[in-house]
Amino acid sequence: MASPPNLLNDDGSASMATLFMMSHHAFRRDLARFARALSLPAGELRSAPLQQEWRFFHGALHGHHQMEDNAVFAGMKAQHPDLAGCIEGLMQDHRRIDPLLERGDAAFAQLPQATGDALAIVRELQALLDPHLTTEESQIAPQLRGAKQFPAPGSDNELEMYAQGFAWSTQGIAPQVVEQVFTMLPPQLVERLPAAREAFNQRCEQVWGSAQAGSATTPIPNGP
């Protein structure tokens with residue numbers, strides 16, 4: 001089995017591939033957290049925070065796939081026709097994932113009564129996403145290594161959205177990777193990140209009981 005790719009390029013710089021795979025790390029990290037939380041005894045289940053966090057996860061995963069389908073994949077098929085079959089398979093996976101997310105909405109809304117259903121859906125998502133993300137990391141991410149321009153936010157709302165997104169995706173990433181990522185980002189966004197990351201850590205304490213997440217240099221989480 002091939003080793004997971006490094007988040008940073010061979011020269012130690014960050015790229016759009018880094019940002020792309022940091023999202024993958026966050027999806028794997030959070031699905032593992034959901035699985036652990038839903039396996040706790042009923043009296044320890046934090047239903048309301050889990051329901052709110054599931055809504056965020058649903059939006060993040062669906063938005064990631066929309067971005068891929070409508071932007072990344074369209075341009076990549078034109079530039080790399082040899083990837084067309086792979087990309088079509090990835091888009092088919094997206095169409096399989098959306099109904100799972102909707103089933104998750106129903107199960108999480110009924111916590112704690114539907115804990116077993118919610119856990120089953122999380123496990124199903126893990127089984128589907130793991131090969132899906134691995135394929136993207138081996139076939140799609142290499143095509144993004146040369147892209148190092150992150151777009152400047154067009155409004156304060158967009159700036160805040162990016163800050164929250166990077167607070168989510170950088171948790172559990174090694175400091176040397178995060179440092180390189182920050183060099184790609186507009187200064188006004190970097191200025192907002194310490195507060196956004198601290199707020200996200202506090203949110204994790206409420207949802208999971210801890211903000212500990214390891215220090216990964218690949219898209220595979222290496223912490224709790």
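User: Happy to look at this one with you! Where is Ser210 found?

Analyst: Good place to start, and bear in mind that this is a predicted model. Leaving aside neighbours within four places in sequence, Ser210 is in contact with Arg33, Cys204 and Glu205. Its C-alpha atom and that of Leu7, 203 residues apart along the chain, are separated by 24 Å. As for its place, Ser210 is found in the segment after α7.

User: Is Ser210 buried, partly exposed or exposed?

Analyst: The buried class needs a relative accessible area under 20%, and the exposed class one over 50%. Ser210 has a relative accessible area of 27%, so the class is partly exposed.

User: Thanks! Which residues does Val190 contact, leaving aside its neighbours within four places in sequence?

Analyst: Val190 lies in helix α7, residues 187–208. With 25% relative accessibility, Val190 counts as partly exposed. Leaving aside neighbours within four places in sequence, its contacts are Phe182 and Leu185.

User: What separates the C-alpha atoms of Val190 and Ala163?

Analyst: Along the chain, Val190 and Ala163 are 27 residues apart.

User: Let's turn to the helices. How are α1 and α2 oriented to each other?

Analyst: Helix α1 covers residues 16–38 and helix α2 residues 47–79. Their axes come within 11 Å and cross at roughly 150°. An angle over 145 degrees counts as roughly antiparallel, so the orientation of α1 and α2 is roughly antiparallel.

User: How do the residues of the contact of α1 with α2 divide into nonpolar, polar and charged?

Analyst: The crossing of α1 and α2 is left-handed. From α1 the contact includes Phe20, Phe27, Leu31 and Phe34, while the α2 side includes Leu50, Trp54, Phe57 and His64. By class, the residues of this contact come to 11 nonpolar, 3 polar and 3 charged.

User: How many of the 23 residues of α1 are buried?

Analyst: The length of α1 agrees with expectation: at 1.5 Å a residue, its 23 residues should span 33 Å, and the end C-alpha atoms are 33 Å apart. Helix α1 is also largely enclosed by the rest of the structure, because the number of its 23 residues that are buried is 20.

User: How far apart are the axes of α1 and α4?

Analyst: Two packed helices are described by the angle between their axes and the distance between the axes. For α1 and α4 the angle is about 155°, and that makes α1 roughly antiparallel to α4. α1 passes α4 in a left-handed crossing, and the contact has 13 nonpolar, 4 polar and 5 charged residues. The distance between the axes of α1 and α4 is 9 Å.

User: One last question: is the peptide bond from Leu111 to Pro112 cis or trans?

Analyst: Most peptide bonds are trans. Pro112 lies in the loop between α3 (84–109) and α4 (115–139). The bond from Leu111 to Pro112 has omega near 5°, and its form is cis.

Definitions and conventions. Residues are numbered from 1 along each chain as its sequence is written. This is a predicted model: local features need pLDDT of at least 70, side-chain atom pairs count only at pLDDT 80 or more; totals for chains, interfaces and linings use all residues. Side-chain values use heavy atoms; hydrogens and water are left out. Axes are lines fitted to C-alpha atoms, for helices over the stretch in contact, and angles run from 0 to 180 degrees between N-to-C directions. Helices (H or I, at least four residues) and strands (E, at least two) are DSSP runs, numbered from the N terminus. Angles under 35 degrees count as roughly parallel, over 145 as roughly antiparallel, 65 to 115 as roughly perpendicular and the rest as oblique. A crossing is left-handed if the near helix is turned anticlockwise from the far one by less than a right angle, and right-handed if clockwise. Contact means heavy atoms within 4.5 Å. Ala, Val, Leu, Ile, Met, Phe, Trp, Tyr, Cys and Pro count as nonpolar, Asp, Glu, Lys and Arg as charged, and the others, Gly among them, as polar. The expected span of a helix is 1.5 Å times one less than its number of residues. Buried means under 20% relative accessible area, exposed over 50%, partly exposed in between (1.4 Å probe, protein chains only).
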